[in-house]
Amino acid sequence: MATVSLTSRPASRTSADRVEHVLRHRRKVWSYVAMSALAVVFLFPLVFMFVSSLKPDAQILGDVGSPRAFLPVGDISLDNYFGVFDRVPVGQFLVNSVLVTVLTVGLGLVVNSMAGFALSRMRWKGRSVVLALVIATLIVPFETIAVPMVYWVAQLPTLVMEGGVLKYDFGWLNSYHVQIVPFIANAFSIFLFTQYFSTIPKSLDEAARIDGAGWFTIYRRIIVPLAGPAFATVAILTFLPAWNQYLWPLMVVQQEELRPVMVGMQYFFQLNTAWGEVMAYTSLITLPVLIVFLSFQRAFVSSVAASGVKG
Amino acid sequence: MNRGSLAKILSMSAVGALALTACGQAGQGGTTSEDGRVQLTMWTHSAGNPAELEVYEQIIDDFNASQDEYEVIEESFPQGAYNDAIVAAAAADDLPCLLDMDGPIVPNWAWAGYIQPLGLPQEITDSLLPTAIGTYQDEIYSAGYWDAALAVLARKSVLEENDIRIPTIDDPWTIDEFDGALDTLQDAGYKTPLDIGAEDSGEWWPYAYSPMLQSAGGDLIDRDTMLSAEGALNGPEAVEFFTWFQEAFEKGWVSSSGTIGNEEFDKGEVALSYTGGWNALPSLEAAGDDLLFLPPPDFGKGPTIGGASWQWGISSTCESPEGARAYLEFSFQDKYVTAFADNQIVIPATEGATEASEYFGPEGDLRPFVELSQEYALLRPETPAYAVISSTFEKAGKDIMNGADVQSTLDGAVAEIDANIQSNDGYGF
């Protein structure tokens, strides 16, 4: 019995292991199949966009409804891209969008993290009221305040260069800063920083204060280095809206040389839409976003996991 | 961080802000150029339309070179975003001196105080097509270089093969004949015999389909008072027309899918296409001598097509209206009007320009559009309420297309339009 027992036990364990191994393998295969199917679903629009950007309009419309829509077959050329450059100053629009986006995100990280620091680490009267007011602004859609904002930015003081002389004037319309400044302070970013900073032990502040550090040093030397995931999350969450700005620049920028890429989309919707050029243009303006995302993919995933924000 | 580095950051930020400030800012009319000329800013809806911009640039270059008092500076906007940009600029008191606008919106912008009476010499405005003039309360606020017209495109061979009479301007199809033709063409194998562009949206709907309603005896509003749509948009004639409209979709004569433009007709997938002259050249290439430009059917009160297209006005805040008028007077030369027409494939607004046009002149391939415009064009109601009429008509039309009850949908549209007119104290009527 003992012999049987001793020999059969390892045998049954091996068999169970094998079954489990096979099951685990199958599960893995199925999960890969499912993930591949999902990837295909998510990739289809991008593939369609890139492939269509190489086809003439008639072929794009003819291929819709068949698998050819996703294949670079037929009359393939770069004509649509040449057409885009003829119709739209796409290089200038890209430069404008990069400038506006980088400055909005960069300045937003500084300002919103400082606000979050003040709201989470410093003790002052009315702190909770201010935080509540900041959060309350989240429920106000931008569209409802866009026109009043246009009115206000048109009245703001500014400095203009006329004939080499710096002059005081009014009105922010037609400028880069009118596309940046209103979006630096962001209620959601402040809230996110406030929440994240609250999770960092207060004892670190106290230790630093004992060592003679001021608030700014605590923020700069202690809190910022510990809040990498929050900074990465806010950067990504503010990058996309800044890059996709359409309504606001449309309302406040009249000069073509200051327009961002999204306003450029409308250039293609004439009486008859040039779909091939639309696809070529969208490919061109999607590329920077894809590059940013792919470059920071690892940081993005880890920051989402760390901050608990699922966008 | 010590105070030194904080100061560095602050000073760098200030320099950056100044640099950004210096990158923008331009005068919006009323400013003066380096050589002392008054600068007039001009906005167009033509961004992304090189053919149209080419003519504008030519006019502006010629005008700026012609005298030493004014200088016109052009800024172009994409058409789809243009009206929003104008409304925002008006809110910010930042309208340019010269601006173009779609004809039907002129009364609204005149009522809202965006634009001032045009003040062009009568000899110019009298020389233009009536549909190229925008008025509000009997005052001219805008004038355009061109107009557009709609027609039914067909292939002669297809009509003859199916024993369908070819209509003329003097003898258009009656609605019964039209219905019969659509049935015949459907039986002949055309799954959808007629393309009316129902997949399009926005102003196309009232531009294309309200003339059918008017041909049936209805209208968008009571044009005598401009105070109510009651009876015009929901009366028996309107109900009869929209019932036909709904049935046309149910029977498959027309479709709400497809592509914007005229591709289906050019490829021979549909037999008839109700479309604008701007689509005519590709169809000419596709069908050649077989192509016919036919009048729209008579729904009972005679065929009608929409009139009025993009026109020029002067903003009420323009500091140099006399300069703006000088530019407009200069621009209404026949050679420029012809250039516009032939670059854009639209009907020239003056007789002289029409005679000189390659496409619309007496021997031009697209001459029928001139005749259709002269014979059948009707302006959309010249009231500030048109903005709400237009969107309400589109919504009601689409609801009916999708199967909504005709009478109650039209009653709802009338209630919405009338409420808007009342809440705006009749828009000055």
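The structure is a predicted model, and for chain A the mean pLDDT is 88, with 93% of the residues reaching 70 or more. Chain A touches chain B through 36 residues of its own and 34 residues of chain B, while chain B itself is assigned a domain 1 and a domain 2.

**Confidence in chain A**

- Within chain A, confidence is highest in helix H4 (residues 90-120), where the mean is 96, and lowest in helix H15 (residues 297-307), where the mean is 69.
- Over residues 1-7 of chain A the pLDDT stays under 50, and for this stretch the model has zero contacts beyond four places in sequence.

**The contact between the chains**

- The contact is made by 36 residues from chain A together with 34 residues from chain B.
- On the side of chain A that touches chain B, the elements giving two or more residues include helix H2 (57-63), helix H3 (79-87), helix H6 (142-155) and strand E1 (157-162) of chain A.
- Sorted by class, this side of chain A has 21 nonpolar, 11 polar and four charged residues.

**The two domains of chain B**

- In the domain assignment, domain 1 of chain B takes in 31-147 + 309-374, and domain 2 of chain B takes in 150-306 + 385-428.
- The C-alpha centres of domain 1 and domain 2 of chain B lie 29 Å apart, and the contact between these domains takes 16 residues from domain 1 and 16 residues from domain 2.
- Helix H4 (106-111) and helix H15 (367-376) of chain B each supply at least two residues to the side of domain 1 that touches domain 2, and the largest share of that side, four residues, comes from H15(B).
- By class, that side of domain 1 of chain B has 11 nonpolar, two polar and three charged residues.

**Strand E2 of chain B**

- Strand E2 (residues 38-44) of chain B is mostly covered, since six of its seven residues are buried.
- E2(B) pairs in the antiparallel sense with strand E1 (residues 31-32) of chain B over two bridges, and Thr32(B) stands opposite Val38(B) in E2(B).
- The hairpin of E1(B) and E2(B) has five residues between the strands, and in it Gly36(B) takes a positive phi near 85°.
- E2(B) pairs in the parallel sense with strand E3 (residues 70-76) of chain B over seven bridges, and the chain crosses from E2(B) to E3(B) through helix H2 (residues 50-66) of chain B in a right-handed β-α-β crossover.
- E2(B) also pairs in the parallel sense with strand E4 (residues 98-102) of chain B over two bridges, and here Met42(B) stands opposite Leu98(B).

**Strand E11 of chain B**

- In a regular strand the side chains alternate between the two faces of the sheet.
- Both faces of E11(B) are covered, with Leu272(B), Tyr274(B) and Gly276(B) buried on one side and Ser273(B) and Thr275(B) buried on the other.
- E11(B) pairs with strand E9 (residues 150-155) of chain B in the antiparallel sense over five bridges, and with strand E10 (residues 194-195) of chain B in the parallel sense over two bridges.
- Leu272(B) in E11(B) has Ala154(B) opposite it, and Leu194(B) also stands opposite Leu272(B).

**Gly264 of chain A**

- Gly264(A) lies in helix H13 (residues 261-264) of chain A, and Gly264(A) counts as buried because 27 other C-beta atoms lie within 10 Å.
- Apart from neighbours within four places in sequence, Gly264(A) is in contact with Val88(A), Val90(A), Phe93(A), Arg259(A) and Tyr281(A).

Conventions
Residues numbered from 1 in each chain as written. Chains lettered and ligands numbered in written order. Predicted model: local features only at pLDDT ≥ 70, side-chain atom pairs only at ≥ 80, totals over all residues. Buried ≥ 20, exposed ≤ 12 C-beta atoms within 10 Å, placed from the backbone. Contact = placed C-beta atoms within 7 Å. Nonpolar A, V, L, I, M, F, W, Y, C, P; charged D, E, K, R; others polar. pLDDT = per-residue confidence, 0-100. Pairing = 2+ DSSP bridges. Domains from an automatic or database assignment. Right-handed = clockwise from strand over helix to strand, strands pointing away.
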